[in-house]
Amino acid sequence: MFLPARANRVHPFFIISSLSKDGRRLITNNVPMPFGGTYPENWNVVRKPLIRSIESLLKAHHKYVRLLEFELATLEETPVDEINERQQILEKTNIQSGFILPREYHEDYGTLSSDARYRLWIEIWMISYLGRATGHRLSQAKA
């Protein structure tokens, strides 16, 4: 993922994803943008917005793979298909949780619920002032 920065620079950001044989997903990223939404129950997301190198982020990801005792599965889809499927799951989860309004309400009310706007504000504050996101959920780990 590439995001524009000051002085016509572009900063690369990384999202590393692993799938376990029992269907759990581990996602480690360094994206400094807020999320604030809801992740599916079987997803563990670690957000490290201060890590800039792919090597350091990959090292952190491998640490959580070991910590969560992931037995890694082989992906059967192309990367593009897998990303699209993951995006659909994330959208469905956030509509069900009330974070995103259903599409038929977007024109009149916008995409995000009032609760979602508040949670995004908190996420922006956390990233800006504390350098960490609230999206950490490692329910099966002692991280």
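**Salt bridges and a surface patch**

There are seven salt bridges in this structure. Keep in mind that the model is predicted.

Start with Asp-22 and Arg-24, whose side chains form a salt bridge with an N to O distance of 3.1 Å. Which of the two is buried, and which is exposed? Asp-22 has a relative accessible area of 55%, so it counts as exposed. Arg-24 has 13%, so it counts as buried.

Next, Glu-123 and Arg-47. Their closest N and O atoms are 2.7 Å apart, in another salt bridge. Glu-123 belongs to helix H4 and Arg-47 to strand E5, residues 43-47, so this pair ties together parts that are 76 residues apart in sequence. Both Glu-123 and Arg-47 are buried.

A further salt bridge joins the side chains of Glu-91 and Arg-103, at 2.8 Å from N to O. Glu-91 sits in helix H2, residues 79-96, while Arg-103 sits in the loop between H2 and helix H3, twelve residues away. Glu-91 is partly exposed, because its relative accessibility is 24%. Arg-103, at 57%, is exposed. There is also a network: Arg-25, Glu-82 and Arg-86 are joined by salt bridges that share partners.

Now the surface. Which residues form a nonpolar patch there? They are Trp-125, Tyr-129 and Leu-130, and together they have about 370 Å² of accessible area. Tyr-129 is part of helix H4, which covers residues 114-130. Its relative accessibility is 61%, and exposed means over 50%, so Tyr-129 counts as exposed.

Notes:
Residues numbered from 1 in each chain as written. Predicted model: local features only at pLDDT ≥ 70, side-chain atom pairs only at ≥ 80, totals over all residues. Heavy atoms only, no water. Patch = residues over 30% accessible without salt bridge, like charges linked within 9 Å, V, L, I, M, F, W, Y side chains within 5 Å. Areas by Shrake-Rupley, 256 points an atom, 1.4 Å probe, with all protein chains shown as cover. Salt bridge = Lys/Arg side-chain N within 4 Å of Asp/Glu carboxyl O. Helix = DSSP H or I, 4+ residues; strand = E, 2+ residues; numbered from the N terminus. Buried < 20%, exposed > 50% of the residue type's maximum accessible area, 1.4 Å probe, protein only.
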